[in-house]
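Open the model in your viewer and keep the selection panel handy. We will take a short walk through it, one selection at a time.

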Amino acid sequence: MSQIKTKVPSLTLNIAVYAALLFLLAVTVWASRTDLGYWNFVAAAGIASLKASLIVLFFMRVYYAKPLIWLASGAGFVWLAILFNLVVSDYLTRSRVQSAPVHETAVYEVPDR
Amino acid sequence: MFKPASQLVEVRADGAARVAHQFVDADQQHSAAELGMWLFLATEIMFFGAFFLAYLVYREWYPVAFAMGSRQMDVMLGTVNTGVLLTSSLTMALAVRASEMSQRRWMIGLLVATLLLGMVFLGIKGLEYYHKYAEHLVPFAGWTFAPAGEQRTGMMEFFNLYFLMTGLHALHMVAGLVMLALLVIVACRSPLRDSSSIVVHNVGLYWHFVDLVWVYLFPFFYLVSASGSVAM
Amino acid sequence: MNGAVITTRKRNYLNASYTVRSWLLTHDHKRIGLLYLIGVTFFFVIGGLAAAVVRLELMTPRGDLTESETYNKLFTMHGITMTFFFLIPAIPAVLGNFLVPLMLGARDLAFPRLNLLSWYLYMLGGLMTMWAILAGGVDTGWTFYTPYSSTYSNTYVMATAVGVFVAGFSSILTGLNFIVTTHQMRCPGLTWFRLPLFIWSMYAASLIMVLATPVLAAALLLVGLERGLGIGIFDPAMGGDPLLFQHLFWFYAHPAVYIMVLPAFGVISELVACFSRRRPFGYAFIGYSSFAIAILGFLVWGHHMFVSGQSVYAGLIFSLLSFLVAIPSGIKVFNWTATLYKASISWETPMLYAFGFMGLFTMGGLTGLFLACLAIDVHVHDTYFVVAHFHYIMVGGTVMAFLGGIHFWWPKMTGRMYPESWARLSAILIFVGFNLTFFPQFILGYLGMPRRYHIYPEEFQVLNVMSSAGASILGVGYFFPLTYLVWSMFYGAVAPENPFGHTGLEWQTASPPPTDNFEQIPVVTQEAYSFGPDDALRGPSEEVISIVQAS
């Protein structure tokens with residue numbers, strides 16, 4: 001019978017990750033109360049991603065896992081990045097086309113008869 | 001370099017080894033189950049991802065309305081709820097650890113704690129939904145939607161997505177709670193087997209994933225622009 | 001046959017038990033494969049009948065057989081049934097289910113119960129959709145474009161969308177099962193570069209099933225919510241963007257084309273190798289190109305939206321990326337052709353289908369390049385040119401490969417041989433009928449006949465009649481295998497273990513295989529496709545010998 005050996009994160013590490021998550025929660029609420037303009041969104045998304053990485057790496061044990069699990073856990077995020085990038089490339093460049101000087105060139109001076 | 005502390009634990013393999021007929025040994029079964037769960041989570045990431053994409057698109061279209069919408073949110077309750085969910089993730093992680101170290105009582109206790117925290121989360125979420133309902137901020141067909149004026153359409157889009165995404169998240173929570181309850185019942189009735197830890201581990205993965213979704217939902221809906229100017 | 005003969009027959013997965021229960025609750029991947037074969041055939045017949053009525057209506061320029069509304073429902077029914085309930089599950093769920101564990105030397109898939117669940121989900125989704133069609137039909141086209149589907153259509157959109165949504169889960173479960181099985185359950189010695197090419201392509205298709213299908217589920221859920229609850233996600237009248245639906249839909253539906261065609265590539269690789277008695281030229285490149293297609297396939301969906309109001313800049317990117325798909329597809333076609341070069345080719349039925357596939361897929365792929373070109377697409381978008389193009393890929397590609405594969409593995413599945421001459425005749429009929437049906441549509445489309453209309457100008461009639469005539473030949477061609485394959489299950493010659501002399505683990509076990517596939521788990525010590533000197537049926541062909549002597 002085969003023994004299954006697993007690397008298990010220690011209790012201290014679990015608590016430390018939890019503390020870091022709560023700290024980041026406090027930081028993100030604080031950051032949202034400071035006016036950073038456009039960077040508010042970047043900060044919120046960045047901190048959320050940091051928290052997510054902590055959860056994935058330590059609570060979900062990817063840090064200790066085989067390369068195959070790294071791939072499987074990363075695949076979803078990579079493919080999501082494809083979806084986001086290409087769709088956003090449409091939305092961010094669409095207005096440039098639609099607001100191109102179509103209307104201006106359409107204004108003709110109609111000669112009086 | 002930072003080296004996270006860890007310890008090597010030998011998962012006990014006494015008790016009846018339950019290896020399904022298609023597998024050669026318990027090791028293969030264990031790896032297959034874990035990989036299968038991660039692939040399932042990949043589909044979940046894509047599923048939620050589509051809604052996050054809709055969120056991004058409409059936030060780009062209606063930046064002011066989204067900021068106004070987020071100011072209707074109860075940041076206090078949201079923060080507390082995030083804390084509750086993060087705590088439940090800790091208890092879940094510790095429950096998985098206990099199952100691997102064959103500490104059955106600890107495992108059951110921690111699973112029950114996770115279950116209770118999950119229910120607290122849903123309770124608070126329900127309270128928030130009720131508040132929104134009372135404030136006429138539920139933009140479904142035919143219901144009066146309170147905010148009027150220029151930003152009405154954008155705010156409706158905000159609340160559509162808010163109810164949709166947090167609702168789907170809550171449904172996933174309910175599924176997770178059912179799985180936890182089943183685990184607790186089975187663990188109370190029978191001793192741990194060597195295949196138990198992978199089941200607990202997989203339920204744990206699912207639970208952490210649900211937590212992960214909320215980690216993004218919270219800032220995206222509650223903290224869009226809690227103060228200051230709207231700049232997008 | 002007397003009793004003694006029956007008792008000496010070896011136990012296999014078919015005669016292990018005969019009860020209905022033992023079929024409906026089976027965990028055996030081979031039985032589930034056969035269950036899928038029944039389901040897939042049923043939906044193919046339904047979708048085919050709809051297509052027959054469509055072609056009949058298009059015989060005349062006037063709308064004299066059906067009303068416009070009925071016509072809309074007919075082509076929608078044809079599209080939905082054929083894509084979601086035939087093409088997507090055809091090769092993966094039938095041949096893949098049957099062959100993946102056998103080719104890997106495993107006893108079953110990693111999750112047999114999920115596999116059975118996936119069949120039930122598929123049937124549930126399919127029957128729900130059939131109910132919607134019987135109850136009154138759907139007229140949105142298979143693409144469910146918003147806001148028509150979510151707001152304006154007065155047909156059974158919800159029931160159909162739910163059916164497709166449910167069937168999507170079955171596809172996800174199948175893909176997940178294949179990926180886990182390929183990673184974890186290869187028998188000793190079976191390294192990645194010893195895998196049959198069918199496994200490589202099934203793996204690549206499974207990746208798409210797992211990663212793309214959830215996005216379709218999300219898109220359909222949003223359509224359902226918009227329709228059912230009146231919330232505005234895609235309706236421009238309520239602040240939404242219909243193009244967002246198209247992005248989500250095509251993020252699934254374009255890669256879905258590769259779910260249909262990648263497994264077909266796998267089948268063709270096996271057929272070409274077997275009937276030219278050769279290891280495929282550039283084995284690794286064929287394998288890699290499957291992955292390249294799977295990944296590039298996710299980057300090109302915007303070419304369905306060139307004229308929809310999508311940003312022209314995004315269109316440029318999508319156009320460029322679409323051209324890139326031609327590279328791995330070209331690698332495959334060239335490598336198959338190179339495999340055939342100076343090989344000792346034999347002309348059994350499966351190989352006829354493989355030849356048909358190579359020609360038709362190449363035409364379908366090349367016309368795809370026309371459509372990927374922004375300027376040409378403006379001219380031929382939504383015309384019969386597009387219809388002809390994707391039928392060359394899907395019918396000329398996937399259906400050809402499916403039939404070729406079914407014939408090739410039929411002896412393994414049933415333990416009986418198919419009748420060779422009937423099979424050759426129908427393969428030729430299908431090839432002729434196919435070309436007569438769809439080639440005129442390229443011309444029709446180029447001349448400007450739009451798709452999805454049943455009334456058209458007089459000058460298009462000749463080509464349309466040619467197309468309809470071809471469809472009737474195609475119909476006869478499909479009818480033959482349906483009958484003689486069923487006949488052969490009872491009266492066909494008993495098949496040996498390895499009737500075609502192919503390599504691969506599935507041929508090392510009995511025909512039909514025992515429930516656990518192998519008496520013992522096999523150990524692989526050779527590369528895939530190592531045809532020994534004895535395997536080369538006729539040795540080098542006469543022509544090669546004469547050339548050698550001449551020099």
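The pLDDT is the predictor's confidence in each residue, on a scale from 0 to 100. You will want it at hand, as this is a predicted model.

**Stop 1: colour by confidence.** For the complex as a whole, the predictor gives an ipTM of 0.91 and a pTM of 0.92. Now select chain C: its mean pLDDT is 92, with 95% of its residues at 70 or more. Which elements of chain C have the lowest and the highest mean pLDDT? The lowest, 44, belongs to helix H1 (residues 3-8) of chain C, and the highest, 97, to helix H16 (residues 420-447) of chain C.

Next, pick residues 1-8 of chain C, where the pLDDT is below 50. Beyond near neighbours in sequence, this stretch has one contact in the model. Then try residues 536-548 of chain C: here too the pLDDT is below 50, but the stretch has 13 contacts beyond near neighbours in sequence. Where pLDDT is low, the predicted coordinates should not be read in detail.

**Stop 2: chain A.** Hide the rest for a moment and follow chain A along its sequence. The pattern you will trace is β-α-α-α-α, made of one strand and four helices. Chain A has 113 residues, and 31% of them count as buried.

**Stop 3: where chains A and C touch.** Bring chain C back. The contact draws on 12 residues from chain A and 14 residues from chain C. On the chain C side, helix H8 (197-229), helix H9 (242-275) and helix H11 (312-324) each supply at least two residues. Which helix gives the largest share of that side? It is H11(C), with four residues. By type, the chain C side holds nine nonpolar residues, five polar and no charged.

**Stop 4: two crossing helices.** Select helix H4 (residues 68-104) of chain C together with H8(C). Their axes come within 10 Å and cross at roughly 125 degrees. Angles from 65 to 115 degrees count as roughly perpendicular and those over 145 as roughly antiparallel, so H4(C) and H8(C) are oblique to each other. The crossing of H4(C) and H8(C) is left-handed.

Now show the side chains where these helices meet. From H4(C), pick C:Pro92, C:Gly96, C:Leu99, C:Val100, C:Met103 and C:Leu104; they meet C:Phe198, C:Ile199, C:Met202 and C:Ala205 in H8(C). The residues of this contact divide into nine nonpolar, one polar and no charged.

Methods:
Residues numbered from 1 in each chain as written. Chains lettered and ligands numbered in written order. Predicted model: local features only at pLDDT ≥ 70, side-chain atom pairs only at ≥ 80, totals over all residues. Buried ≥ 20, exposed ≤ 12 C-beta atoms within 10 Å, placed from the backbone. Contact = placed C-beta atoms within 7 Å. Nonpolar A, V, L, I, M, F, W, Y, C, P; charged D, E, K, R; others polar. Axes fitted to C-alpha atoms, helices over the stretch in contact; angles between N-to-C directions. Parallel < 35°, antiparallel > 145°, perpendicular 65-115°, else oblique. Left-handed = near helix turned anticlockwise from the far one by under 90°.
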